[in-house]
Amino acid sequence: MDDEKIVSLYWERDEQAIAETASKYGKLCNHIANNILSNHEDCEECINDTYLALWNSIPSQHPNRFSVFLSRITRNLALKKYDYISAAKRNPSAVTSLEELGDCISGTDTVESEMEKKHIEHAISQFLQQQEEEKRNIFIRRYWYFDSIQTICRHTGFSQSKVKSMLYEMRCKLRKYLEKEGIEI
């Protein structure tokens, strides 16, 4: 079923929308949540929370790209769940990914206004659009989906050193780009 039909089911308040979403995007949601949480039960809970959040948000919103909308909800819920459970336990992959980006976007923790957040999001989006597709995809796999370096290597065929080098180069470029855009780091 195409995305427009799925969104229409949500608008009609038809519970089949959840089943169709799970059928089409369940693996994507699982991938995102599992890379952040690394726990099957927490992952399942996050995915169920995602479907509930979709159910509650779509009547008031009409997403342009359903898969992106769904991915963002899943990722945000997984990160919230991760914050909740991470007092004693840590997912080394997610922590490493966030620490790597820390030098570029550490200022986002102190951003208080929504306009500033949108400005940062827009600047990062603009930066990524200017990059080669291959580099952009590696960057997104690492910092959006929290894929491990090894997983990225399997998908791209690149060596670990090449992937690490590309990510380092992109982080340096992003930092310079954000500074040029007047975003404090």
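The following legends describe close-up views of a predicted model.

**View 1. The largest nonpolar core.** This core has 28 residues. Those with the most contacts inside it are Y10, A33, I36, L37, L54, I58 and F66. Helices α1 (3–11), α2 (16–37), α3 (40–57) and α4 (66–85) each supply at least two of its residues. Helix α4 gives the most, with eight residues.

**View 2. The salt bridge between K24 and D3.** Side chains of opposite charge can pair when their charged atoms come close. Here the side chains of K24 and D3 meet with an N to O distance of 2.9 Å. The pair links distant parts of the chain, as K24 belongs to helix α2 and D3 to helix α1, 21 residues apart. K24 is partly exposed, with a relative accessible area of 39%, and D3 is also partly exposed, at 22%.

**View 3. The salt bridge between R72 and E121.** The closest N and O atoms of this pair are 4.0 Å apart. R72 is partly exposed at 40% relative accessibility, as is E121 at 37%.

**View 4. Salt bridges involving R175, E179, K135, E169 and K173****.** The side chains of R175 and E179 meet at 3.6 Å, N to O. Both residues lie in helix α9 (residues 160–180), four residues apart, which is about one turn of the helix. K135, E169 and K173 are linked in a network of salt bridges. The model has seven salt bridges in total.

Notes: Residues numbered from 1 in each chain as written. Predicted model: local features only at pLDDT ≥ 70, side-chain atom pairs only at ≥ 80, totals over all residues. Heavy atoms only, no water. Core = buried A, V, L, I, M, F, W, Y, C linked by side-chain atoms within 4.5 Å. Buried < 20%, exposed > 50% of the residue type's maximum accessible area, 1.4 Å probe, protein only.
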